Amino acid sequence: IVCRDGCIEAVGQADVIRNQFSGATFERIIDCSGKCVLPGLVDAHTHPVWAGDRVHEFAMKLAGASYMEIHQAGGGIHFTVEHTRKAAEEELFNTFKHRLERMRRAGSTLVECKSGYGLDLETELKMLRVIERAKQSMDIGISSTYCGAHSVPKGKTATEATDDIINNHLPKLKELKLSGEIHVNNIDVFCEKGVFDLESTRRILQAGKDIGLQINFHGDELHPMKSAELGAELGARAISHLEEVSDEGIAAMARAKCAAVLLPTTAYMLRLKQPQARKMLEEGVIVALGSDFNPNAYCFSMPMVMHLACVNMKMSMNEALAAATINAAYALGKSDTHGSIETGKQGDLVIINSSRWEHLIYQFGGHEALIDYVIVKGKVVYQNERCGTMSSY
């Protein structure tokens, strides 16, 4: 039972619920006989606001070019930055809205959305305004992240970029937050060799924390940087990637209850070493999942992410579901309201056309036929037009 306020009023056996609410009237009743009701999926890491795709780079990667080789040749993030700076705000909003709708159809009801393809204050704010507009106008949960330290802008050193972010970007974000124009939730830095080193990362993250932002950053992806140790020390809510994390970093994250947001699409597409999901789980780290949707990892589907996590990172299906729901909500500081079907939590649900929930992971790419309904705050935001007329097997 989901109330008009969008929160779950009751959960339990059908006959008990029927008796308890026998005198109540409902705007809508959905018959889920033979189906499964799951919590709405949470995508804990995406870069969905940008212009100019990078389909041409996929061919370069297949031919053996590394991520950093493409980056240094003017491709990668800098290619997208150039196109995003030129794009009108309306164009960015329309493509972003379309992407969010595709994520929602694949079962995502809460999505973390980063800026980071501006690298200058004007474009970063343009991206954050687009994210804010979607927050206000669309039926999907959004956790917004300022990621101005996604790369070092051309013509600047990492130290100069760090100073610009601390002295100009963050004070402006604080001002816009106080005026109610933009509400940013998290701060992110790409802590990586040749991008932002450990000390620059520390300075930016601390400055973000000082204005009330949750720390949620990229670390230990291509090189061991001791990002996990830094995140644990600073009280980070989450760290993403972690393909090159150290044993000490894993232990530090477990102690600090800092979530690991693992991104199986990235390791798969870039042919990187897989993150050590099993070791993290065994050491007590809170493991979450994200699609890392961006021009480099073009995936909208958390069911496919869960499948990759099971096959390539050796997670069980139960672990993958938890990582894509309650643990991903934890990584965004929202596990008290999202990520599970419990009384008092937000009524975000996915109804699948199967009596076994495991089909959502087992059917690789099969979610388009499998998902019958996606519900946000008790409102049906997606209904499969073939719902009830076809078998999902």
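Select Trp 50. Trp 50 is buried, with a relative accessible area of 2%. Buried means under 20% relative accessible area, exposed means over 50%, and partly exposed lies in between, using a 1.4 Å probe and protein chains only.

Before you go on, note that this is a predicted model: local features need pLDDT of at least 70, side-chain atom pairs count only at pLDDT 80 or more, and totals for chains, interfaces and linings use all residues. Residues are numbered from 1 along each chain as its sequence is written, and side-chain values use heavy atoms, with hydrogens and water left out.

**Stop 1**

A pair of aromatic rings is described by the distance of the centres and the angle of the planes. Rings of Phe, Tyr and Trp (its six-membered ring) pair if their centres lie within 6.5 Å; planes under 30 degrees apart count as stacked, over 60 as edge-to-face and the rest as tilted. The count by this rule is five aromatic pairs.

Trp 50 and Tyr 298 make an edge-to-face pair, with 6.1 Å centre to centre and 80 degrees between the planes. Where in the chain do Trp 50 and Tyr 298 lie? Trp 50 is in the loop between β2 (41–43) and α2 (55–62), and Tyr 298 is in the loop between β9 (287–289) and α13 (302–312), so the pair ties together parts that are 248 residues apart in sequence. Helices (H or I, at least four residues) and strands (E, at least two) are DSSP runs, numbered from the N terminus.

Is Tyr 298 buried or partly exposed? Tyr 298 is partly exposed, at 41% relative accessible area. Now show Phe 300. Tyr 298 and Phe 300 also pair edge-to-face, at 5.3 Å centre to centre and 85 degrees between the planes. Phe 300 is buried, at 8% relative accessibility.

**Stop 2: charges over rings**

Stay on Trp 50 and show Arg 99. Arg 99 lies over the face of Trp 50, at 3.7 Å from the ring centre. A charge sits over a ring if NZ of Lys or CZ of Arg is within 6 Å of the ring centre and within 35 degrees of the ring normal. Next, select Arg 237 and Tyr 330. Arg 237 lies over the face of Tyr 330, at 4.5 Å from the ring centre.

**Stop 3: salt bridges**

Side chains of opposite charge can pair when their charged atoms come close. A salt bridge here is a side-chain nitrogen of Lys or Arg within 4 Å of a carboxyl oxygen of Asp or Glu. How many salt bridges does the structure hold? It holds 22 salt bridges.

Select Glu 199 and Arg 202. Their side chains meet in a salt bridge (3.6 Å, N to O). Both residues lie in helix α8 (residues 198–210), three residues apart, about one turn of the helix. Glu 199 is partly exposed at 45% relative accessibility, and Arg 202 is partly exposed at 26%.

Jump to Glu 319 and Arg 278. They form a salt bridge, with the closest N and O atoms 2.9 Å apart. Glu 319 lies in helix α14 (residues 317–323) and Arg 278 in helix α12 (residues 277–283), so this pair ties together parts that are 41 residues apart in sequence.

Then try Lys 345 and Glu 342. Their closest N and O atoms are 3.3 Å apart in a salt bridge. Lys 345 is buried, at 6% relative accessible area, whereas Glu 342 is partly exposed, at 40% relative accessibility.

**Stop 4: the sheets**

Switch to cartoon view. An open sheet of eight strands has the order β2-β3-β4-β5-β6-β7-β8-β9, with parallel pairing. Two strands pair if DSSP finds at least two bridges between them. β2 and β9 stand at the edges, each with a single partner strand, so one side of each is left without a neighbour in the sheet.

Zoom in on β3 (residues 108–114) and β4 (residues 141–149). Five bridges join these parallel strands. Val 111 stands opposite Ile 142 in β4.

Finish on strand β10 (residues 349–352). Leu 349 and Ile 351 point one way, Val 350 and Ile 352 the other, and all are buried. Four bridges join β10 to strand β1 (residues 36–39), and the two run antiparallel. β10 also pairs with strand β11 (residues 371–376) in the antiparallel sense, over four bridges. Select Val 350: Leu 38 stands opposite Val 350, and in β11 its bridge partner is Val 374.
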